[in-house]
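Here's a quick tour for anyone meeting this structure for the first time. Have a look at it below, then read on.

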Amino acid sequence: KWRQYIWSYYRLIEKVDAEIGKILTTLKKNGLDKNTLIVFTADHGDCQGAHRWNQKTVFYEEAAKVPFIMNYPSIKPGIYNNLVQTGIDILPSICEFAGIQSPNLSGGISVKKRITQNGIAEDRSYVVVSDHLVQGAGVNGVDPKPEGRMLRNKQFKYWIYNEGKQRETLYDIQHDPYEMNNLADDPKYKNALNTCRAQLLEWAKEHNDSYLKFLVQK
């Protein structure tokens, strides 16, 4: 069943690729390929069987780390490792490329200077993602709908939910990219855990997040 599921998912990716090809061909045919900013992103990924999970709605990299690909003549080909929050950074980025003022409704950061001027631009220490699992039916008479927040900084990923026995999770993304070892209870990573907690608390206060009451402070 997993093989069938993964096979079908890759077929869907091929269909998306074909549609992108149609757009690129049309732009080139009409002489618009040299002055059109092309942006490819997504609202979420899919675990594709990783962690025995086949959907989105989780903070694992497979679901949370989505593509943010931009193509324009002034962009040098490459991969940029700055922390980007596609949900809020895409609007100011497109506005700056278009030469218009961003309404700044979301507090996002434009990536234009980062990808056209060798990374010279404002960078952030962390990004935050929210999650609320409301899909599916109850199991054994229990219908949990946990809500969570995830913080990702340069090295670590930390998340916390408002219910469950193991509410906190901490991964060293640099050394454990597949997120196999939860370090939240490891004394050696106490400082990293507290740093992530403090950063998430800082974000929650700055954005008046009602979830603040669930944040663990030890």
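## Ground rules

This is a predicted model, where local features need pLDDT of at least 70 and side-chain atom pairs count only at pLDDT 80 or more, while totals for chains, interfaces and linings use all residues. Residues are numbered from 1 along each chain as its sequence is written, and side-chain values use heavy atoms, with hydrogens and water left out.

## The sheet

Let's start with the strands (DSSP runs of E, at least two residues; helices are runs of H or I, at least four, and both are numbered from the N terminus). Four of them make an open, antiparallel sheet in the order β3-β4-β5-β6. Strands pair if DSSP finds at least two bridges between them. At the edges sit β3 (126–132) and β6 (168–172), each pairing on one side only.

Strand β5 (residues 156–161) is joined to β6 by five bridges, and the two run antiparallel. One detail to look for: W159 has T169 in β6 as its bridge partner.

## The pockets

A pocket here is an open set of points on a 1 Å grid over the protein atoms alone, where a 1.4 Å probe fits and protein lies on both sides within 12 Å along at least five of seven lines; lining residues have an atom within 4 Å of a point. A volume is the space filled by probe spheres set on the points, which are joined across faces, edges and corners.

The largest pocket has a volume of about 1500 Å³. It is lined by 48 residues, with K65, V66, F68, V84 and T86 closest to its centre. Strand β3 gives the most to this lining, with six residues.

The second largest pocket holds about 540 Å³. Among its 19 lining residues, Y9, I13, A42, H44 and P67 lie nearest the centre, and helix α1 gives the most, with six residues.

## Aromatic rings

Rings of Phe, Tyr and Trp (its six-membered ring) pair if their centres lie within 6.5 Å; planes under 30 degrees apart are stacked, over 60 edge-to-face, and the rest tilted. The count comes to nine aromatic pairs. W2 and Y5 have ring centres 6.0 Å apart and planes at 80 degrees, so they're edge-to-face. Both lie in helix α1, three residues apart.

Ring pairs also link F59, Y60, W159, Y161 and Y171 into a cluster.
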